[in-house]
Amino acid sequence: MSNQQAVEKMTDIIARFFDYSGKVLPDDITKKLEELCDAETGELAKSIYETMFKNHELAKELNRPSCQDTGAIQFFVKCGTKFPLIGELETLLSEAVIRATKRAPLRHNSVEIFDEYNTGLNVGKDIPRVFWEIVPDCDACEIDTYMVVGGCTLPGRAMVLMPGAGYDGVVNFVLDIMTSYGPNACPPLLVGIGVGTSIEVAALQSKKALMRPLGNIIRMRGQKSSKDFLRTALIKSVSDPSA
């Protein structure tokens, strides 16, 4: 297979997957929604979950995005230095977004901020945004796709805590954002939390946290490291802020 053929094949696969991911939820998310629905006792809450399930069922049946806001596109790329198409990745990812926009179709959300116009293709300045992680002496490539919509990113916040704030400072900050801005987000909420050496690192880690399977996070709660102590405290507090 020539380089041009390989680029075309990868572009088509990513475009088709991106189209699909806007219409079908991951299995771990669907399973968690079912668990939450079964645990609910309120009639209104039950009806809201049933509406969600019906919406996702119709999205697959009618081959349409499950939400009208399909967001601005982001890719999280973990790529080996020996991956044969590493030099073409950013270009082919943009082309894949253009194809998915027409095929799905996806809402046109790429706006040139200062020029004040919509490109109509979901590509533009920093869209799609590609976050790279380069792996030495490796020929593999992993790509996570993410649709950044207003309803899920509206309550996103980052800050630098005082040195003495400790783990309690992290928990209190998360709860403050959850209770003040969380109600403005589209439910149900999947909370990504990042802790790092700078505000930029923490924000990026919070996005990566959203890519982890839900079951994987839950299984790790039994570990006893400082990181897992913090994780357990956060999960408990976010699940029941009154506790």
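## Briefing: fold, helix packing and backbone details

Pro 128 sits in the loop that links β3 (117–118) to β4 (129–135); helices here are DSSP runs of H or I with at least four residues, strands are E runs of at least two, and both are numbered from the N terminus. A cis peptide bond connects Ile 127 to Pro 128, with omega at about -5°. You're looking at a predicted model, where local features need pLDDT of at least 70 and side-chain atom pairs count only at pLDDT 80 or more, while totals for chains, interfaces and linings use all residues. Residues are numbered from 1 along each chain as its sequence is written, and side-chain values use heavy atoms, with hydrogens and water left out.

**Overall build**

- The chain has 9 helices and 5 strands.
- Read from the N terminus, the order of elements is α-α-α-β-α-β-β-β-β-α-α-α-α-α.
- The radius of gyration is 20 Å, close to the 18 Å that the globule rule gives for 243 residues, so the chain is as compact as a globular protein of that length. (The radius is taken over C-alpha atoms, and the rule is 2.2 Å times the number of residues to the power 0.38.)
- Along the principal axes, the C-alpha atoms fill a box of roughly 60 × 45 × 40 Å.
- Of the 243 residues, 31% count as buried, meaning under 20% relative accessible area; exposed is over 50% and partly exposed lies in between, using a 1.4 Å probe and protein chains only.
- Take the contacts (heavy atoms within 4.5 Å) between residues at least 6 apart in sequence: 70% of them join residues at least 24 apart.

**How α2 meets α3**

- Helix α2 (residues 27–39) packs on helix α3 (residues 43–62) at an angle of about 155°, and their axes are 9 Å apart. (Axes are lines fitted to C-alpha atoms, for helices over the stretch in contact, with angles from 0 to 180 degrees between N-to-C directions.)
- That angle makes α2 roughly antiparallel to α3, a label for angles over 145 degrees; under 35 is roughly parallel, 65 to 115 roughly perpendicular, and the rest oblique.
- On the α2 side, the contact is made by Leu 33, Glu 34, Leu 36, Cys 37 and Asp 38, and on the α3 side by Lys 46, Tyr 49, Met 52, Phe 53 and His 56.
- Sorted by class, this contact of α2 with α3 has 6 nonpolar, 1 polar and 3 charged residues. (Ala, Val, Leu, Ile, Met, Phe, Trp, Tyr, Cys and Pro are nonpolar, Asp, Glu, Lys and Arg are charged, and the others, Gly among them, are polar.)

**Backbone details in the loops**

- A cis peptide bond also joins Ala 104 and Pro 105, with omega at about -10°.
- Pro 105 belongs to the loop between α4 (89–103) and β2 (111–112).
- Glu 116 is in the loop between β2 and β3, and its phi is near 60°, a positive value in a residue other than glycine.
- With 67% relative accessibility, Glu 116 counts as exposed.
- Asp 137, in the loop between β4 and β5 (141–148), has a phi near 50°, also positive in a residue other than glycine.
- Asp 137 is exposed too, at a relative accessible area of 64%.

**Gly 169**

- Gly 169 is part of helix α6 (residues 166–180).
- Its relative accessibility is 13%, so Gly 169 counts as buried.
- Gly 169 and Pro 84 are 85 residues apart along the chain, and 45 Å separates their C-alpha atoms.
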